[in-house]
Each structure stands twice: as structure tokens, then as C-alpha cells.
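I opened this model to look up a few positions and the strands around them. My notes follow in the order I took them.

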Amino acid sequence: MGALVLAGGQGSRMGYVNKGLQALDGRPLVQHVIDALRPQVQALAISANHDLDAYRALGFAVVADAPEYQGLGPLAGIASATPHLPPDLDAILVVPCDTPRLPADLTHRLAQALFAPGAPPAAMAATASSLHPSILLFRPGLYISLLQHLKAQHASKAGLSLRAWLSAHGCATVHFDDDAAFVNINDRQALAQLHRAEA
């Protein structure tokens, strides 16, 4: 298994600061994500477009969006960073940099769904309150379809969400009971609330 951590956004809801580098318990959010994933995967890369040296200091490959994909959102990060993972992976896990409480069995449970007989080529996490298309496991063969999807959507920029891409190819849904494990720290208020909850 390999993993891509998506940290390439502008952080507009965080006041245009780099979300992944904001501190929680004395460590950047992205470090919490990496620590959760390390026991679950054998390779990891980070998709980032700003503060690249700070991300490289974490010890993993850091890949900026390729020029032809810039401005196309999280799909651009996946398209640009996937080639920097080992070529012989069975599956690739995608998670955002602002989900610091990911469950220890995330990859295992998504893989059970992904490799079930007749399963679609991707599996996403879900909880009772929401689907989480930004937390997904996909087979490497789906990468070619991603490039084709980006090329087809580039002119209009319609259909560039993760959900649109996944719905075009089929995606299993894996339900997790713990909503808190998928908390998304995408603004300063959410970060402050998490600080208070853990104080």
C-alpha cells in the first residue's frame, strides 16, 4: 500500500495559511496524519504547492502540481504525485492533510472493500453523518482514467471534484462508527474547538 497526503490547497478558510503546517498538540496537522498512516502503508508522498521545504523536512517526497494541472483542485494533486510512489503498489490511499485523527484500521477496512470479488476500483470512507470522498483507496489502474478525466474536464473545470471522478468509475463505501476519527480541520474555528476538546 502507498499513501498520498493532499496538502496543496490555498487554505482560504484558514485565513490563507498552510493548513497542514498548523500546530496541534505541538506538531503540525500533517505530522499527525503521517503518524497515523505510517503503520498502515509502505510508501508515502505529500502533494503540496506552498512551503515545500517545510514539508520536505518531514522526510517524504513532496510533489507540487504539474503545470498542466494547476488550479484543478485535489485531483491535480493525485495526478501529479501518484507517479512519485513506487510502481508496484497494490493500492493507493488518499487522505487530506487536515484529518489528524484517522483510525488505525483505515487502510485495512478500505482494502477489504476494494479487493472484494467484483468490487469497483475505489473505496471511500463514510460515517453516519457524511461521505468522505477525500479519504479513499484506489487501484493504480484507475490513474489512467484520472488523467483522461482531467483532460476532458480541463476546459470547463466542471466535474473536477473527487466525488465526480469516483462516481464516473464506481466507488465502494465503507462505513466507520467514529465520526471524530474523520474530523476535518479546515478553518481556525475547527482547530480551536479541537484544542479545547483535548485540553
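I began with Lys-19, which sits in the loop between β1 and β2 (23–24). Helices (H or I, at least four residues) and strands (E, at least two) are DSSP runs, numbered from the N terminus. Residues are numbered from 1 along each chain as its sequence is written. The model is predicted, so local features need pLDDT of at least 70 and side-chain atom pairs count only at pLDDT 80 or more, while totals for chains, interfaces and linings use all residues; side-chain values use heavy atoms, with hydrogens and water left out.

**Record entries.** I checked UniProt next. An unreviewed entry there lists Leu-6, Ala-7, Gly-8, Lys-19, Asp-65 and Asp-98 under "binding site". UniProt positions are given in the numbering used here, feature names are shortened, and annotations may be inferred rather than shown by experiment.

**Asp-98.** Where is Asp-98 found? I located Asp-98 in the loop between β6 (92–96) and α4 (106–114). Asp-98 counts as buried because its relative accessibility is 2%; buried means under 20% relative accessible area, exposed over 50%, and partly exposed in between (1.4 Å probe, protein chains only). I then listed its contacts (heavy atoms within 4.5 Å). Leaving aside neighbours within four places in sequence, Asp-98 is in contact with Lys-19, Leu-29, Val-183, Asn-184, Ile-185 and Asn-186. The side chains of Asp-98 and Asn-184 are joined by a polar contact of 2.9 Å. A polar contact is a pair of N or O atoms within 3.5 Å; within protein, one must be able to donate a hydrogen and the other to accept it, and residues adjacent in sequence count only if both atoms are side-chain atoms.

**Ala-7.** I placed Ala-7 in strand β1. Ala-7 counts as buried, at 4% relative accessibility. Not counting residues up to four places away in sequence, Ala-7 touches Asn-18, Ile-46, Ser-47, Ala-48, Asn-49, Tyr-55 and Cys-97.

**Sheet.** I traced seven strands in an open sheet, in the order β5-β4-β1-β6-β8-β7-β9, with mixed pairing. Its edge strands are β5 (61–63) and β9 (172–175), each of which pairs on one side only. From one strand to the next the twist averages 30°; axes are lines fitted to C-alpha atoms, for helices over the stretch in contact, and angles run from 0 to 180 degrees between N-to-C directions. Two strands pair if DSSP finds at least two bridges between them. Strand β1 (residues 2–7) pairs with β6 in the parallel sense over five bridges. I noted Pro-96 in β6 as the bridge partner of Leu-6.

**Leu-93.** Leu-93 is found in strand β6. Leu-93 is buried, with a relative accessible area of 0%. I listed what it touches beyond four places in sequence, including Gly-2, Ala-3, Leu-4, Leu-37, Val-41 and Leu-136. Leu-93 and Ala-122 are 29 residues apart in sequence, and their C-alpha atoms are 9.6 Å apart in space.

**Gln-40.** I found Gln-40 in the loop between α1 (29–37) and β4 (43–48). Is Gln-40 buried or exposed? Gln-40 is buried, with a relative accessible area of 11%. A polar atom of the Gln-40 side chain lies 3.4 Å from the backbone oxygen of Ala-104. Not counting residues up to four places away in sequence, Gln-40 touches Met-1, Pro-103, Ala-104, Asp-105, Leu-106 and Thr-107.

**Helix α3.** Last, I checked α3 (residues 74–81): seven of its eight residues are buried, so the helix is largely enclosed by the rest of the structure. The buried residues are Leu-75, Ala-76, Gly-77, Ile-78, Ala-79, Ser-80 and Ala-81.
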